[in-house]
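Please look over the sequence and the model shown below before reading on. The notes that follow are grouped by topic.

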There are 2 protein chains.
Amino acid sequence: MGRKRTKSGKIRLAEVAELAGVSPITASRFFRNPEALSVAKRTRVESAAKELGYVPNLAARALASQRTEVIGVLIPSLTNNVFSDVLRGIYDASEGSRYSIQLSNTRYSILQEEKLLRLFLAQKPAGLIVTGIDQTAESRAMLEAADCPIVQIMEVGPNPVDMMIGFSHYDAARAAIAHLFAQGRRKVGFVGARMDPRVQRRLDGYVSAMKDAGLFEQRLVVTTATPTSVTLGGALFTDLLAREPDLDAVFCANDDLALGVLFECRRREIGVPEQIAIVGFNDLEFMASAVPTLTSVRTNRYEMGKTAATMLIEAIEGRRPEHPVLDLGFKVIERQSSSSRLSDNRPALSGGAAPNKMVALPSSHD
Amino acid sequence: MGRKRTKSGKIRLAEVAELAGVSPITASRFFRNPEALSVAKRTRVESAAKELGYVPNLAARALASQRTEVIGVLIPSLTNNVFSDVLRGIYDASEGSRYSIQLSNTRYSILQEEKLLRLFLAQKPAGLIVTGIDQTAESRAMLEAADCPIVQIMEVGPNPVDMMIGFSHYDAARAAIAHLFAQGRRKVGFVGARMDPRVQRRLDGYVSAMKDAGLFEQRLVVTTATPTSVTLGGALFTDLLAREPDLDAVFCANDDLALGVLFECRRREIGVPEQIAIVGFNDLEFMASAVPTLTSVRTNRYEMGKTAATMLIEAIEGRRPEHPVLDLGFKVIERQSSSSRLSDNRPALSGGAAPNKMVALPSSHD
DNA sequence: GTCGTTGCTGGTAGCGCTGTCAACGATCCT
DNA sequence: AGGATCGTTGACAGCGCTACCAGCAACGAC
């Protein structure tokens with residue numbers, strides 16, 4: 001044989017080729033583009049690889065081909081349930097493909113994001129998934145100069161770098177408020193935490209809906225930069241109540257806050273929905289099972305991640321999607337917590353959750 | 001110049017070396033082991049690298065050095081809150097180090113784990129973090145043959161492959177049951193979902209504690225292989241109640257189930273803790289803010305991840321920890337949901353959460 | 001003065017794989 | 001029939017970096 005085995009005893013492509021009786025480059029092609037091989041050689045290489053337990057050396061491949069099979073993913077938080085659903089979608093879509101996921105956490109800092117982006121780009125990723133549309137100018141320039149497909153996720157907006165998949169947080173918030181108005185609520189408070197750009201846009205949607213109805217008042221809005229939590233929901237609601245005792249509804253920027261508000265109402269013996277209606281955001285699983293069941297705006301997080309990764313992989317392989325910007329929309333899932341107070345819709349004391357009425361609203365992005 | 005720039009315009013180590021007036025290998029050493037250079041060259045290389053914006057090519061480095069700077073992490077689920085906390089710890093610890101995290105999801109399948117392990121090992125990772133102690137024999141053999149440090153996380157047990165960090169789920173469950181006994185509860189049910197090995201060991205702990213007290217009955221145990229959820233907690237509890245209407249406490253294998261049980265009690269107008277005590281597991285954030293506040297077994301998930309990654313990195317760099325097996329213990333956080341029914345400890349209807357009493361129990365691993 | 005010894009530096013030779021291009025036979029068209 | 005085309009295969013030459021070892025100066029011990 002030409003070369004002796006490496007000392008580590010690892011199987012190299014050359015060994016596979018030798019056993020299959022083909023040249024190394026032919027063996028290489030088997031992994032890269034099997035259709036290019038004759039059926040005979042294809043099966044020979046295949047069985048040789050299997051017999052030897054060959055596993056390709058990714059570093060060598062990356063070095064020789066000048067590209068990696070890595071998809072970089074930049075998300076702002078690892079803790080947030082929302083992102084774990086998105087991530088699960090991304091990982092699921094990448095499974096079975098040749099691409100592996102490289103995850104980094106920007107911790108909601110666009111400066112950190114810029115730094116990570118620089119790092120990622122230097123390794124020539126096959127593709128990139130970034131969260132949101134609020135990059136720094138520098139990041140934006142890097143993304144535009146990158147010679148790989150890019151998907152922005154979580155929201156839709158103007159000027160996509162490349163592809164984009166999400167929904168309009170602004171419209172979703174407006175739909176939630178419209179629902180509350182339809183239930184006869186007028187004094188609708190807003191409770192928000194962390195106040196990242198997407199929560200900010202939900203707030204903007206809330207403000208515009210309230211202003212349209214001539215009902216906006218600054219004191220109805222309680223926010224904090226603190227990371228969100230159930231406990232925080234209770235605390236912010238307490239604040240809100242102190243400012244506006246006549247409150248008849250609360251729109252929470254996420255479901256954890258909504259749950260906190262619900263518990264706080266229970267603690268204070270405030271009837272939900274009789275006195276106060278509660279609407280959350282994201283429709284996490286527990287919302288349907290709370291007592292009373294909690295209204296929320298359903299967002300397609302898993303699907304978003306999965307579609308983003310699928311689109312990205314397609315684009316990497318040269319098949320660009322016909323619609324590079326995808327609006328996944330949202331749905332207001334009406335449940336007991338926001339029923340009209342006139343209707344006799346007390347929390348069911350036995351039996352399962354009430355059936356969900358849905359108000360489907362594919363969000364239109366501006 | 002010896003070689004011309006690559007077409008991609010990327011800065012290579014050779015360019016840095018040229019600008020600094022040293023050989024490529026000296027420049028290389030600057031990144032690998034700066035102390036080996038004279039101060040003069042060190043600063044020259046440093047400024048040259050900065051001036052050119054040099055970013056090393058990881059693929060080339062990996063190929064040449066026969067090792068990567070990747071830490072492989074195998075976890076069973078991306079959805080589970082528990083793992084997102086652990087992951088956050090791992091990512092936090094890896095930040096600032098030279099190592100990057102490569103995450104894979106085994107979906108609670110040890111066969112899938114074995115497959116992924118094979119994939120990982122072929123890339124010669126710098127280190128590995130695997131979940132639990134229940135690998136297949138094949139996986140176990142691969143791990144033992146691997147020439148990199150390995151940390152098993154989430155639990156402690158006999159025969160660590162290398163390092164190990166976690167706690168005893170068995171002891172934790174026993175402590176939870178002991179707490180319920182101390183509150184005068186006797187008919188304690190068990191509610192569990194997914195039934196992965198760690199949940200199974202919690203069940204084992206429950207069973208042994210109940211048997212020790214002569215109170216064990218098979219019908220007190222309700223489990224399912226279905227993934228856990230809040231809604232499922234309610235359903236399993238409904239089952240349990242049908243089997244044993246005289247139930248006076250429920251030990252839930254996790255907090256989501258506990259929340260579901262709480263909601264179901266509310267739906268059925270069952271007093272908590274007057275009629276039924278509830279104890280959860282993990283002490284997620286919402287437990288302290290529920291009404292009534294929910295007792296749970298606190299586990300140090302973030303710390304576990306962080307310490308695991310820190311230990312691993314230390315070991316990779318040749319500094320093996322003095323204690324390769326670390327038991328992080330647990331604490332039973334007593335809250336309203338499991339107060340003695342004799343005491344007048346109704347759920348506080350106003351004011352914040354009750355102060356937490358803690359029962360600290362560093363778990364002893366068998 | 002000779003002989004290590006230490007500290008720093010450079011030359012050589014790949015790591016395992018793939019891009020490029022050329023070569024080959026088989027097939028098709030005029 | 002002759003040339004063009006297609007499908008399949010192989011030779012060659014690196015990708016950018018680092019392991020290994022040799023070289024060289026400075027230094028101290030005897």
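A polar contact is taken here as a pair of N or O atoms within 3.5 Å, and by that cut-off a backbone N or O atom of A:Leu13, lying 2.5 Å from a phosphate oxygen of DNA strand C, makes such a contact. The model is a predicted one, and the distances below should be read with that in mind.

**DNA strand C**

- There are 27 residues around DNA strand C, and those that come nearest are A:Leu13, A:Ser28, A:Tyr54, B:Thr26 and B:Lys41.
- Of the atoms of DNA strand C within 4 Å of the protein, 71% are sugar or phosphate atoms, while the rest belong to bases.
- Two or more residues each are given to the surface near DNA strand C by helix H2 (24-32) and helix H4 (58-65) of chain A, together with helix H2 (24-32) and helix H4 (58-65) of chain B.
- H4(A) gives the most to the surface near DNA strand C, namely four residues.
- Sorted by class, the surface near DNA strand C is made up of twelve nonpolar, eight polar and seven charged residues.

**DNA strand D**

- DNA strand D is surrounded by 28 residues, of which A:Thr26, A:Ser38, B:Leu13, B:Ser28 and B:Tyr54 are the closest.
- Sugar or phosphate accounts for 71% of the atoms of DNA strand D within 4 Å of the protein, and bases account for the rest.
- A base nitrogen of DNA strand D is 2.8 Å from an N or O atom in the side chain of A:Arg29.
- The elements that give two or more residues to the surface near DNA strand D are H2 and H4 of chain A, together with H2 and H4 of chain B.
- H4(B) supplies the largest share of the surface near DNA strand D, with four residues.
- By class, the surface near DNA strand D contains twelve nonpolar, eight polar and eight charged residues.

**The buried side of H2(A)**

- In H2(A), the buried residues are A:Thr26, A:Ala27 and A:Phe30.
- Seen down the axis of H2(A), these buried residues fall within an arc of 100 degrees, and therefore they line one face of the helix.
- As background, an α-helix has 3.6 residues a turn, so residues three or four places apart point the same way.
- The buried residues of H2(A) pack against helix H1 (13-20) and helix H3 (39-52) of chain A.

**Cysteines**

- Over all chains, the structure holds zero disulfides.
- The closest cysteine sulfur to that of A:Cys252 is in A:Cys265, at 9.1 Å, which is too far for a bond.
- A:Cys252 is buried, because its relative accessibility is 0%, and A:Cys148 is also buried, with a relative accessible area of 10%.

**Selected residues of chain B**

- B:Asp85 lies in helix H5 (residues 81-94) of chain B and counts as buried at 12% relative accessibility.
- The side chain of B:Asp85 makes a polar contact of 3.0 Å with the side chain of B:Arg301; leaving aside neighbours within four places in sequence, B:Asp85 is in contact with A:Thr79, B:Arg301 and B:Tyr302.
- B:Val199, found in helix H9 (residues 197-212) of chain B, is buried, with a relative accessible area of 5%.
- Not counting residues up to four places away in sequence, B:Val199 touches B:Phe190, B:Ala193 and B:Ala253; the C-alpha atoms of B:Val199 and B:Ala253 are separated by 6.3 Å, although these two residues are 54 residues apart along the chain.
- B:Thr307 is in helix H12 (residues 301-316) of chain B and, not counting residues up to four places away in sequence, B:Thr307 touches B:Ile165 and B:Leu326.

Definitions and conventions
Residues are numbered from 1 along each chain as its sequence is written. Chains are lettered from A and ligands numbered from 1 in the order in which they are written. This is a predicted model: local features need pLDDT of at least 70, side-chain atom pairs count only at pLDDT 80 or more; totals for chains, interfaces and linings use all residues. Side-chain values use heavy atoms; hydrogens and water are left out. A residue is near a molecule or strand if one of its heavy atoms lies within 4 Å of it. A polar contact is a pair of N or O atoms within 3.5 Å; within protein, one must be able to donate a hydrogen and the other to accept it, and residues adjacent in sequence count only if both atoms are side-chain atoms. Ala, Val, Leu, Ile, Met, Phe, Trp, Tyr, Cys and Pro count as nonpolar, Asp, Glu, Lys and Arg as charged, and the others, Gly among them, as polar. A disulfide is a pair of cysteine sulfur atoms within 2.5 Å. Buried means under 20% relative accessible area, exposed over 50%, partly exposed in between (1.4 Å probe, protein chains only). The arc is that of the directions from the helix axis to the C-beta atoms. Contact means heavy atoms within 4.5 Å.
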